[in-house]
Amino acid sequence: MVIYLIKRLFAVVPIILFAIFLMFVLVRLSPVDPAQAYLAASNIHPTEELLAEKRQEFGLDRPLIVQYFQTVADIVRFDFGNSYVTNTPVWQEIATRLPATLQLAFSSILVAIIVSVPLGFLSAVYKNSWLDHFSRLLSYLGASIPQFWLGYVLIFFFAVKLDLFPVEGRGTWQHFVLPSITLSLALIAIYTRLLRASVLEELEETYVLYGRTRGLKEKGIMVKHVLRISISPMLTGLGMNLGKLLTGTIIVEQVFSWPGFGRFFIEAIFNRDIPVIQSYVVLAACLFIVCNLIVDIIQLYLDPRISREGRTQF
Amino acid sequence: MARIRTALKGKWPFAICSGILVVFFLVSILAPWIAPNDPIQVNLALKLMPPSLEYPLGTDQLGRCNLSRLLFGARVSLGFATLIFVASLGIGLVVGTLAGYRGGWIDTLLMRFCDGVMAFPNLVLVLGIVGLLGPGLWQVVVALMMVQWVYYARMIRGMVVSMKEQNFITAARISGSSNWKIIRRHLVPNVLPPIMVMGTLEMGWAIMDISALSFLGLGIQPPTPEWGAMIHEGTSFMRSNPELMLYPGLMILFVVISFNVIGESLSEQFGVKRRY
């Protein structure tokens with residue numbers, strides 16, 4: 001197991017290096033000249049001299065391979081450069097905005113788990129009942145509603161018409177309600193289906209039959225054994241859907257004017273703020289990889305039967 | 001009649017959704033002929049009008065016909081989603097068969113590349129690419145293509161690798177078929193059906209992604225009618241004219257849900273695992 005862990009940890013390194021490489025290539029391929037973008041973002045009229053000076057400062061006149069290793073070295077030291085717009089280190093900008101995004105993400109995961117665990121479990125136990133049909137409908141809706149539209153529809157009904165919640169911004173718990181619901185519906189759709197499928201699978205297992213023949217209470221078998229084991233695939237789902245959550249925060253933050261990292265990223269795209277774009281994408285990839293790694297490790301701990309060979313290689 | 005009823009038993013969601021999609025595809029093809037008005041004709045004297053005979057769903061903030069804009073919006077969404085689907089399937093097919101059939105270092109190199117692209121959350125990479133190439137419809141299409149072909153390539157490669165060892169391929173080789181012929185006549189036809197199923201689900205994603213990017217202002221630029229962009233414009237008039245943002249959202253919902261229902265029931269039938 002220890003060897004497996006070490007192997008997995010080392011497997012992550014080339015992927016992150018590749019992620020940085022891909023970003024590096026994209027920046028060089030992009031028609032935007034970083035020096036020009038910098039001057040445009042700082043409202044300085046570009047002259048040939050200034051451009052040349054900036055290019056030298058960014059190291060654009062050096063060989064590509066040197067530039068690449070410089071980029072890798074910078075990122076490893078958490079030095080993402082300065083934002084072209086605010087001229088402060090990107091790292092600092094991220095640190096001030098990340099908490100808002102994380103709060104939003106965690107509250108949505110919480111809502112998703114609170115709704116989908118009972119719903120998925122019950123719709124498997126009472127298969128083909130009205131509850132099962134309802135949960136199926138909800139999953140289809142959750143997978144097919146455009147998130148930004150859902151956000152505005154919720155704003156329209158609950159903030160404008162009924163005036164129950166604030167339209168935008170961040171501060172009190174009321175501010176969390178609509179964004180969290182918007183963001184969690186897509187997750188609820190997935191987790192409910194995942195849990196339902198895995199509960200149905202577990203119900204076929206012999207230990208359920210054995211429990212019944214021993215005369216154990218049905219409720220006990222369900223909650224103590226079936227539910228406990230069936231939760232495990234949800235963990236994988238959590239890791240795999242982190243990307244969906246991340247992009248979801250971008251859109252939801254835009255709709256609800258949530259002062260987070262995702263909105264900053266969109267602003268950066270419009271301002272051609274290359275260091276911010278680059279660091280967001282690389283950080284998102286790292287987060288995605290690391291979370292999947294953690295989920296794998298937790299699962300290995302929960303269910304040691306999982307063989308090393310049978311697992312998908314990252 | 002009775003026969004049709006038994007054939008449709010338990011499959012009515014599939015039938016309804018296929019019907020919806022057929023209608024939407026027809027609409028997107030026939031939009032110039034069935035739309036009552038010009039979708040980009042601005043007429044400020046007629047702005048935010050209630051439904052009338054001439055403008056069946058009313059007009060928007062610039063006096064443009066809502067119905068016509070919705071119909072032409074179908075064209076953009078479905079058209080570009082189809083384009084992305086065909087293009088990424090094409091790239092995936094070439095890369096996947098090459099990697100699976102040849103094996104060796106080509107396989108390793110191509111698959112490592114795919115792994116690398118898959119290490120990014122999907123839409124984040126798309127946004128990154130659009131951010132670096134600059135906003136615009138074609139940038140969005142290219143970015144979505146660059147991200148989506150990877151999934152097709154991986155799946156096709158897996159199927160080709162397992163199929164390569166089967167008897168009918170060996171038989172074809174013994175009887176003197178060239179590699180090219182084996183790929184064209186035996187591998188590709190067997191790989192395509194499950195991939196088409198996956199493609200149905202991907203179409204739904206593509207439509208959502210295109211509209212999301214347009215909503216963020218990165219995709220289709222005004223005045224081209226596109227559902228995501230229309231929702232974005234409509235939100236400014238939410239208090240007085242909520243229908244401006246409600247209609248296009250419902251369109252997206254109908255189309256995407258149809259693709260998902262069809263994709264899901266097809267993948268049950270073909271035993272294709274969907275990707276979450």
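User: Before the interface: what puts two residues in contact here?
Analyst: Their C-beta atoms, placed from the backbone, lie within 7 Å. Keep in mind that this is a predicted model.

User: How many residues of chain A are in contact with chain B?
Analyst: The count is 39 in chain A, facing 38 residues of chain B.

User: Which elements of chain A give two or more residues to that side?
Analyst: Seven helices are listed below.
- H1 (2-29), H6 (130-144) and H7 (147-161) of chain A
- H10 (218-240) and H11 (242-255) of chain A
- H12 (261-271) and H13 (274-302) of chain A

User: Switching to chain B. How many helices and strands?
Analyst: Chain B has 10 helices and 0 strands.

User: What does its C-alpha trace span?
Analyst: About 75 × 60 × 30 Å along the principal axes of chain B. Of its 276 residues, 43% count as buried.

User: What share of the contacts in chain B joins residues at least 24 apart?
Analyst: That share is 68%, among contacts between residues at least 6 apart in sequence.

User: Now H8 of chain B. What does it span end to end?
Analyst: Helix H8 (residues 179-215) spans only 47 Å between its end C-alpha atoms. A straight helix of 37 residues would span 54 Å.

User: Where is the kink in H8(B)?
Analyst: At B:Val188, shortly before the proline B:Pro189. The kink is about 40°.

User: What comes just after H8(B)?
Analyst: There B:Gly217 takes a positive phi of about 90°.

Definitions and conventions: Residues numbered from 1 in each chain as written. Chains lettered and ligands numbered in written order. Predicted model: local features only at pLDDT ≥ 70, side-chain atom pairs only at ≥ 80, totals over all residues. Helix = DSSP H or I, 4+ residues; strand = E, 2+ residues; numbered from the N terminus. Expected span 1.5 Å × (residues − 1). Bend = angle between axes of the 7 residues up to and from the residue. Buried ≥ 20, exposed ≤ 12 C-beta atoms within 10 Å, placed from the backbone.
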